[in-house]
Amino acid sequence: MTNPATEYAAGQGIGDARLDGRMVVDPDSGTDLLEVAMGPHHPSTHGVFRMDVALDGERITRLKPVFGYLHRNHEKLGEGHTYLASMPYTDRLDYICSLTNNWAYALAVEKLAGQEVPERAEYLRVIVGELTRVQNHALSVGFLIQDMGASGTPLMYAFREREKILDLFEALTGSRMMCNYMRFGGCRVDATSEWLDAVRKVVTGLPQFADEFEQLLCTNEILMARTQGVGVLRPELAVSAGVTGPALRAAGVNYDIRKVDRYSIYDRFKFKVPLGEHGDVYDRFMIRLLELRESIKILEQALKEIPDGPVMDPKAKIRNFRPKVGEAYGRIEAPKGELGFYLISDGGPNPYRYRVRPPSFVNLTILEDMCLGHNVADVVLILGSVDIVLGEVDR
Amino acid sequence: MAVDEGLKIELGKQGVFVTTLQELYNWGRRSSVWPMNFGLACCAIEMIATTMARYDLARFGAEVFRPSPRQADMMIISGTVTKKMAPQVVRLYNQMAEPRYVIAMGACAISGGPFKQGYNVLKGIDRYIPVDIHIPGCPPRPEALLEAFMALQKKIDAQPLTGEGRPRHLDADAPGEFPVPAQGEHDLEPAANKNVWTVPVVIR
Amino acid sequence: MKTLEEIQAAIEAAVPGAGVEIVPNPAPSGEHSLRLKPETAVEVATFLRDDGELALDYLSNVTGVDWPDKEIAEKVKVTRAVTKTVDGVEQTAEETVEETRKRVEPGFLEVVYHLFSMARSHGPVVLRMRTGNRSDRVDLPSLTPVWRSAEFQEREIFDLYGVVFKGHPDLRRILMWDGFKDHPMRRDYVAPDDFEYEPTPHDEVLARAQAHRAAQQAAAAAQEGTGQ
């Protein structure tokens, strides 16, 4: 049987373009362009991501991202597993922030099955979610500076703080990175009062870390020269391209799902949504540092207010969980943007369709627009400022 | 010729250091294994954590991560190798200079791990290139990676320079290049390198 | 935000003959959706984006869904005339028999769009479109000209499901390599049989493991045959 899709592709003259230092002529200007494949193995810290770039001297004239080097068939596997069995797989989507992935998935399934979450479990979710955001933002800033060439020091500061938070995760869930903590209708285990005290201790130290980090980086002349005015993203384009998270807010669009959807118990906390003005790399970098401070505020409030009680809805079904026929789209404000899960149930134990809406993947839509006209060295920087994780981009 | 252990210690007290060429050579090799700066998936984050201050890989002389395969001695396969990525991994391995070592870090690199049933997931990198150390875990903790480094150092230390069991770079007949699989219409071709990997016998 | 019925009426007023249907969703989430006709989809989408009151400027999620051919067995009561010979006289009588009839409901591919509004902070509005079938009428209009965020997500659906988006600026495979021929997210896709199964108590896996072993032994036997 002929396949219309492949025929269509063939008709368009689409094939694997191997771009190994080949010279092509730009049809507009008539100059020689050098085509370079950046990746999938490259020295920046964003995994196996490839960009096919055409260079006029050092200037980018075209950039096509190539995905799929970490395509692990997450969605296909999700259709073959029960709802609960997909939970550990969500850990491995955005492997830096496993707990927010758990949360988004649990939220989608709870929406699909109409489940309630007890009060204490919501507080625990907020606490671990915001801790995840703190460590993600610290890490992404560290990686950004590392990509700029400041090898080591800022990243070491970020990792020092991350290790403290990972110790908390390990004490609570048993794993440093792949926490697998949330369940439909609550959380897997309750936190002890000692654990909460340990969190309070770490959270007390976080503002000092933020001060230190800002003093170290924000007024650094090299950083400002490399990042200000680089990779500007206009708000209209950002909205049209579905950019979410810090990258969107750096462009000046006030859209934080914690405020818009008021999911979970975020309406109880006082926090601000920092916005950028220019939408350049520097703004995206600063937004992360500011959001880190807002997360600390949320953590302080949540730790003060956390009530006693069960962490699991007693009516929630763990075994033989079969939601009724229907569909639901659940989304949260993950550290990288809007993380959504779209589930279609046919009444069986497995989801009929299990779709992940990954923030990193959609945020890359405008990578070319941000990079055009900049130097090739800035590409790595702009990519770093979008903050992607390949596990989520390719799934 | 091996030196008597007692004599060696006695001479050492007098300030005379006696060793064999093999020991000296392997001591040098094992103390500066430079890994390649190459992360694939989740395990790469734990690999980076291993190099940071808390776990401090520098204690083992292996903190110098080299972006170029030409300058690296060791490749840490840190994460899921997909079928789209597998040819590049083999090509990078081919570009490394001997002596070279491979650590398969985590369940995915060993066997496909939790993603084993995926259509685009390679079921273990040892199907195409020889692996020296396997570390289980998903992802392995940094301590496990340190353990793997120590195991690799022991392995290097034990390698004789001549005769049977000498490392590949001292063996003129050993293969230097490993065939890079091609991406076919449905799967990788061939599905495995027969000289490196044999179908495991599952005992039931 | 307007209710779905109001949105439907607004669309009909703005795009005459749009033929938008409401697809109910029985789940507690209550996210009902609108099914668009492919012919008018781009017009409707442009209206939804530009309408001042709806202002659905943000396309969040694009999903492909595969609905394979479904064989439906129905029991139908059939009344037919039967000729019987009673006492040597031929009589025609009516008789009712219960018959099982099988009919095949043709499959299709579906694309689902989740829209939100950043300007007015509401949503979601869910749009769906269906292809004619799963084999040769698989083209749908691309909504990338309306919302940029569909660009990569539609490429992904083209790659994994084989839906051809007409009007897409750069429709190529995105996750799998270019020479790949299958569409792996379709429900009837058979993955390469290339790993050893662990001993397991699950019947389905055990059956697959046994089939895998038989295939390997046959391959080994065939190789020996050619080798000698």
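## Where chain C meets its neighbours

Across the interface of chain A and chain C in this predicted model, 27 residue pairs are found in polar contact, both partners being at pLDDT 80 or more. One to look up in the structure joins the side chains of A:Asp369 and C:Arg148, with 3.1 Å from N to O.

| Interface | Residues in contact | Buried area | Carbon and sulfur share |
|---|---|---|---|
| Chain A and chain C | 54 residues from chain A, 58 residues from chain C | about 4,500 Å² | 58% |
| Chain C and chain B | 23 residues of chain C, 18 residues of chain B | about 1,900 Å² | 56% |

Between chain C and chain B, the count of salt bridges is zero, while four residue pairs are in polar contact, both at pLDDT 80 or more. Which helix of chain C gives the most to the side that touches chain B? That is helix H4, residues 203–227, with three residues. By class, this side of chain C holds 14 nonpolar, three polar and six charged residues.

Now let's visit a helix in chain A. Helix H15 covers residues 376–386, and nine of its eleven residues are buried. Among them are A:Asp378, A:Val379, A:Leu383 and A:Val386. Just after H15(A) comes A:Asp387, which takes a positive phi of about 65°.

Key. Residues are numbered from 1 along each chain as its sequence is written. Chains are lettered from A and ligands numbered from 1 in the order in which they are written. This is a predicted model: local features need pLDDT of at least 70, side-chain atom pairs count only at pLDDT 80 or more; totals for chains, interfaces and linings use all residues. Side-chain values use heavy atoms; hydrogens and water are left out. Buried means under 20% relative accessible area, exposed over 50%, partly exposed in between (1.4 Å probe, protein chains only). Helices (H or I, at least four residues) and strands (E, at least two) are DSSP runs, numbered from the N terminus. Contact means heavy atoms within 4.5 Å. Buried area is the accessible area (1.4 Å probe) that two parts lose on being put together, summed over both. A salt bridge is a side-chain nitrogen of Lys or Arg within 4 Å of a carboxyl oxygen of Asp or Glu. A polar contact is a pair of N or O atoms within 3.5 Å; within protein, one must be able to donate a hydrogen and the other to accept it, and residues adjacent in sequence count only if both atoms are side-chain atoms. Ala, Val, Leu, Ile, Met, Phe, Trp, Tyr, Cys and Pro count as nonpolar, Asp, Glu, Lys and Arg as charged, and the others, Gly among them, as polar.
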